[in-house]
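Here's a quick briefing to read alongside the model. Have the sequence and the 3D view open as you go.

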Amino acid sequence: MEAEAEIDRLPIDLLAHIFVRITSFTDLAQASSVCRKWKKGVKQSLASRENLSFAGWKMDDDSTARLVRHAYSLKELDISRSRWGCQISDNGLYQISLAKCVSNLTSISLWGMTGITDKGVVQLITRANSLQHLNIGGTFITDESLFVIADSCPQLKTIVLWSCRHVTENGLLVLVNKCPKLELINVWGTRVPVDCFIALLTISPALQIKSRGLLLNVGNASMAAVL
């Protein structure tokens, strides 16, 4: 009779502790397919994670959503796109929005996700009521997303809208009006008129605005007039 491998004698809790240290989602998927005990250990390891970053990994809608659904303690979710990274669509954001952890997320990054639209962002953000930090730079979102963010994320502190060229002054005004805790907004590369910055600072004097390589606030708002 073949002797039992040492690792097979480990309790599931200890297996889960080991799997938490694995950063490759491909390796996690392979570990999950070894046996039922390992599969349970992988699920338990995901349940204890507070941070998941898929940036740089080749992930699709189904596999990403499946992992997020098991991450019950998740606080920070990064599905930014990189050269070899996530290829998430609106359908993927919809699937992710159904995960129980979404209402507890404090940070979401959708940086550079050119395959998503307002439809997917709205599905996800509507349930992310605890959100404090949001990065949707490099996407094609419009004011429609900003209106939903303004209504759904009263705790929002920072938002990156880098190169979101379909965002307008109207969307920013609504956002700043409805998010009183907003501290920093990055609008570099947008087509928002310079006068808008003054209006935003009038609404929220403590707000910091990153634009064209400058950090604007009440103290140097007059600079915006000559940019």
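How many of the 8 residues of helix α5 (residues 90–97) are buried? The count is 6, so α5 is largely enclosed by the rest of the structure. Bear in mind that this is a predicted model.

**Helix α5 and its neighbours**
- The buried residues of α5 are Asp90, Gly92, Leu93, Gln95, Ile96 and Ser97.
- Those buried residues pack against α4 (61–70), β2 (76–78) and α6 (118–125).

**The nonpolar core**
- The largest nonpolar core has 63 residues. Leu110, Ile149, Leu156, Ile159, Leu161, Leu172 and Leu175 are the ones that touch the most other members.

- The salt bridge count comes to 1. Lys178 pairs with Asp151, and their closest N and O atoms are 2.7 Å apart.
- That pair ties together distant parts of the chain: Lys178 belongs to helix α8 (residues 169–178) and Asp151 to helix α7 (residues 143–152), 27 residues apart.
- As background, side chains of opposite charge can pair when their charged atoms come close.
- Are the two partners buried or exposed? Lys178 is partly exposed, with a relative accessible area of 43%, while Asp151 counts as exposed at 53%.
- Ser145 is also found in helix α7, but this one counts as buried, at 1% relative accessibility. Because the cut-off for buried is under 20% relative accessible area, Ser145 at 1% qualifies.
- Setting aside residues up to four places away in sequence, Ser145 touches Asp118, Val121 and Val122.

**A tryptophan patch on the surface**
- Which residues form a nonpolar patch on the surface? Trp111, Trp162 and Trp188 do, with about 280 Å² of accessible area together.
- Look for Trp188 in the loop between β6 (184–186) and α9 (195–203). Trp188 is partly exposed, at 36% relative accessible area.

Key: Residues numbered from 1 in each chain as written. Predicted model: local features only at pLDDT ≥ 70, side-chain atom pairs only at ≥ 80, totals over all residues. Heavy atoms only, no water. Core = buried A, V, L, I, M, F, W, Y, C linked by side-chain atoms within 4.5 Å. Buried < 20%, exposed > 50% of the residue type's maximum accessible area, 1.4 Å probe, protein only. Salt bridge = Lys/Arg side-chain N within 4 Å of Asp/Glu carboxyl O. Helix = DSSP H or I, 4+ residues; strand = E, 2+ residues; numbered from the N terminus. Contact = heavy atoms within 4.5 Å. Patch = residues over 30% accessible without salt bridge, like charges linked within 9 Å, V, L, I, M, F, W, Y side chains within 5 Å. Areas by Shrake-Rupley, 256 points an atom, 1.4 Å probe, with all protein chains shown as cover.
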